[in-house]
Amino acid sequence: MSAYFNERLLHGADYNPEQWLKHPEILKQDIEYMKKAGCNVMSVGIFSWAALEPEEGSYRWDWLDGILDSLHANGISVFLATPSGARPAWLAQKYPEVLRVSADRRRNLFGARHNHCYTSPVYREKIERINGELAKRYGHHPAVKLWHISNEYGGDCHCDLCQEAFRQWLERKYGTLDNLNEQWWTTFWSHTYTDWSQIESPAPHGENAIHGMNLDWRRFVTDQTLDFMRHEIAAVKAYRPELPATTNFMYYYNGLNYFKFKDAVDIVSWDNYPTWHKKPDIEIAVDTAMNHDLMRSIKKAPFLLMESSPSMTNWQSVSKLKKPGMHKLSSLQAVAHGSNSVQYFQWRKSRGSSEKFHGAVVSHDGSADTRVFDEVADLGRLLGSLSGVAGTVPKAEAAIVYDWENKWAIEDSQGPRNRDMGYIEEVQSHYRALLKRGITTDFVDMESDIDGYKLLIAPMIYMLRGEFERKLRSFVERGGVLVMTYWSGIVNENDLVFQGDAPYRLTDVAGVVSEEIDGLYDHEHNRGSVVQPFGKGAGALRGSYVCNKLCDLLHLEGAETLLVYDEDFYAGRPAVTRNTFGRGQAYYIASHFEARFYDDFYLDLTESVGLYRPVDITLPDGVYAAARSDEKVEYIFLQNYNAASAAILPLGSDWQAVSREADLSQPWALAPYEVLVAKRTVQA
C-alpha cells in the first residue's frame with residue numbers, strides 16, 4: 001500500500017462538481033471551504049457517467065480536467081470513481097438487456113442505482129470502455145491516489161443470462177446432477193432435477209424452499225458481483241497497476257459475503273450511518289464499533305471510512321441531528337478501530353432529487369458559518385494533529401467468528417425459531433463484553449486463518465464449511481481457548497443436516513452432546529445458576545442469570561458444568577460447561593443470556609487467558625476505550641457516549657493526552673460526547 005495512506009489521516013467527502021458546472025463561483029467557493037475545513041481528499045466521479053459520456057462514444061473531459069487540476073493545485077487529493085453505479089439513459093434505451101430482471105421475472109425500467117446486470121456482456125463492454133478511457137486520461141494525474149470502484153455494490157439479477165450463469169456455476173461446484181440432488185435433498189416434495197436447464201434461481205412464485213439452492217444463489221450473487229468488480233478493476237489497472245483500488249461496503253449488508261472481496265481490493269472502505277440518539281448511544285456505539293472491527297478484519301489492515309454524515313441522513317425513519325460533540329466522537333470512533341480516514345456524503349447538498357435534504361458539510365445556504373461546518377473544521381484540525389495514528393493498527397489477541405454464509409443459512413433454516421434467530425445479536429453479546437473491557441477483537445469467517453489468537457469465540461456456528469471443525473479442533477489442541485454456543489455444528493456447507501451427534505465432530509472438543517433445543521416464546525425465559533465458579537478467587541461469575549430465545553439441552557461427555565438451568569423440565573441440566581482438550585479449553589454456552597452474564601463471564605475468562613488491556617481500570621457505563629499501536633507508540637481513544645460527564649480514574653503517568661490538555665495521572669473527567677486521545681511509548 002502506498003505510503004500516502006499511512007502517513008496522514010484523510011479528511012474529505014463525496015464531491016459532485018458536475019451538479020454545479022453552471023455555477024463557477026460555487027466551484028471556486030468549494031475549494032476555499034475545503035481548505036478551511038481541513039479537507040485533504042475528495043471522492044470524485046461516483047455517479048458521473050452521463051456527464052462524462054453524454055452520448056455513446058462521445059466523451060466530455062474538460063470539466064473533470066479542471067476539477068482535478070484545481071484540487072491538486074490546492075493540495076487536495078482525489079479518489080477517482082468508476083461510474084458503474086448508475087448508467088445513463090441512452091445506455092438503457094439502446095441496450096435494454098443491461099437492465100435487471102427481478103425475482104418475479106420482470107425486467108426493470110430505467111432508473112435507480114445498481115439497476116444493471118453484472119452478467120450482461122453489453123454492460124461489461126460499456127463499463128470496460130468508460131473505465132479504460134477514464135484511466136487512460138487520469139491514471140497518472142498527480143491528484144489521483146485511489147480508484148474508487150463503483151459505489152455500494154448490491155442486488156441481484158434473474159435474467160436469462162444470469163440463469164445460465166447460475167447453472168454453470170452449479171455444474172462447476174457439484175459436477176453431476178446426482179450430487180446436486182443429494183446435497184439439496186430434492187427428493188423432498190419430489191423436486192428432483194433431471195436436467196440442468198430445469199434449475200432456476202429462487203422466485204416468490206416458484207422454488208424458494210430448497211435451502212441449499214437459496215444458499216447457493218447467494219453465493220453465486222457474491223461471486224458474480226466479485227467477478228464484475230474484478231472486471232472493473234482490470235480496466236483501470238491496465239493503465240496504472242500500482243494505483244490501489246477499493247469499493248465501499250455497507251453496514252452489515254446481507255446480500256454479499258464481504259470476506260470474499262479481501263483479495264480483490266487493496267484497501268477496505270465502508271459507509272457508516274448510525275442512528276445516533278434513537279436509543280442509548282452506547283448501544284449504538286457498540287453496534288457501530290463491531291462493524292468497524294469487522295471491516296478492519298477483512299484484510300486485517302487499516303480501512304477507510306468512505307462515507308458518513310456530518311449531520312443527519314434523509315433516508316432513515318427520522319432525520320435526527322447529531323448533538324454537539326457527537327460528530328467528533330463518532331468520527332474518531334472509526335479512527336480508533338482502524339480507519340485512516342473520515343469522509344462524508346456529501347460535500348455540498350444537492351438542490352433536487354432523492355438526497356437533497358441529506359446532511360452535508362455545506363448546506364443550501366452556502367455558508368461556512370454554521371454549527372455543522374464548525375464541527376467539521378474542528379475535526380479537520382484534530383485529524384491533522386494525529387498524523388502519527390495512521391501508521392498504527394489495532395492488535396487483537398481475541399477473535400470472533402462472523403460468517404456471512406452461516407448467517408444466511410441460520411436465517412433460512414425454518415426452525416427452531418422462524419423469526420429473530422438473533423445471529424448478530426448473539427455475536428454482539430460476546431463482542432460487547434470484550435469491548436467494555438477495552439480488549440481489541442478481530443473477526444474471522446470459516447475460511448480465515450485462526451492461528452495466533454489466544455481466545456476464539458464461535459457463536460451459533462450452525463453451518464460448518466471448509467472443514468472448519470478441524471481448524472477448531474487444532475486450535476484447542478494446541479492450547480487455544482474456544483467459546484462455543486447453542487445451535488452449533490448442525491449442517492454442512494449446503495445446509496444438509498449432519499447425521500450423528502451435534503456439534504458435529506466437536507463433541508469431544510466441547511465435552512458435550514446437544515440432544516434437543518427448546519425455542520422460547522418472546523414472553524418466556526429461563527435462568528442459569530452458577531454451580532462452579534472458575535475465575536480468580538471467588539470470580540465475577542456468581543448467582544443466576546436470565547436466559548431466553550433458545551435453550552440447548554445437553555448431556556456431558558467429559559465436560560464440567562459451570563451453570564445449570566433453573567426452570568422447566570430441563571432444570572438442573574448444564575447451561576454452561578468447560579472442557580479440557582489437548583493443551584486448551586472449550587466452553588459451551590447453551591442459551592442466549594442477559595448482558596450481565598457475558599460481562600461477568602468474560603471478566604473471569606479474559607483474566608484467566610491473560611488478554612492484553614491497554615488501560616487496566618474500570619470505566620463508567622457508557623464509556624469505552626480502543627487502542628492502536630505499532631512497535632514504538634500506542635494510542636488510546638477514550639470515548640464517552642453519555643449526555644453527562646464521566647469521571648475517569650488515573651490512567652498512569654506514562655499516558656500523555658494529545659487531543660486536549662489533561663493530567664491523566666490524576667482523576668479526570670470526560671465531557672458529554674467527548675473523546676480523548678492519549679499516547680504512550682511502547683516498552684521494549
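Where is the place of Pro503? In this predicted model, Pro503 belongs to the loop that runs between strand E13 (481–485) and helix H15 (507–510). The legends below treat that loop and several other close-up views.

**View A. The loop between E13 and H15 holds both Pro503 and Asp495.** The peptide bond that joins Ala502 to Pro503 is cis, and its omega is near 0°. Asp495 has a positive phi of about 65°, although this residue is not a glycine. With a relative accessible area of 12%, Asp495 is buried, because buried means under 20%.

**View B. A cis peptide bond leads from Phe345 to Gln346.** Omega of this bond is near 15°. Gln346 is placed in the loop between strand E9 (339–344) and helix H11 (371–385).

**View C. Met460 is a residue other than glycine with a positive phi.** The value of phi for Met460 is near 50°. This residue is found in the loop that connects strand E12 (455–458) and helix H14 (468–477). Met460 is buried, its relative accessible area being 0%.

**View D. Tyr258 and Phe261 form an edge-to-face aromatic pair.** A search of the whole structure finds 44 aromatic pairs. In the pair of Tyr258 and Phe261, the ring centres are 6.2 Å apart and the planes make an angle of 80°. Tyr258 is buried, with a relative accessible area of 1%; Phe261 likewise counts as buried, at 1% relative accessibility. Tyr258 and Phe261 also belong to a cluster linked by ring pairs.

**View E. The charged end of Arg100 sits over the ring of Tyr118.** The distance from this charged end to the centre of the Tyr118 ring is 5.1 Å.

**View F. The charged end of Arg348 sits over the ring of Trp20.** Here the charged end of Arg348 is 5.8 Å from the centre of the Trp20 ring.

**View G. Trp185, Phe188 and Trp189 make up a nonpolar patch on the surface.** Together, these three residues have about 430 Å² of accessible area. Phe188 is found in the loop between helix H7 (177–184) and helix H8 (211–237). Is Phe188 buried or exposed? The relative accessible area of Phe188 is 53%, so this residue counts as exposed, a term that applies over 50%.

Methods: Residues numbered from 1 in each chain as written. Predicted model: local features only at pLDDT ≥ 70, side-chain atom pairs only at ≥ 80, totals over all residues. Heavy atoms only, no water. Patch = residues over 30% accessible without salt bridge, like charges linked within 9 Å, V, L, I, M, F, W, Y side chains within 5 Å. Areas by Shrake-Rupley, 256 points an atom, 1.4 Å probe, with all protein chains shown as cover. Salt bridge = Lys/Arg side-chain N within 4 Å of Asp/Glu carboxyl O. Helix = DSSP H or I, 4+ residues; strand = E, 2+ residues; numbered from the N terminus. Buried < 20%, exposed > 50% of the residue type's maximum accessible area, 1.4 Å probe, protein only. Phe/Tyr/Trp six-rings, centres within 6.5 Å; stacked < 30°, edge-to-face > 60°. Lys NZ or Arg CZ within 6 Å of the ring centre and 35° of its normal.
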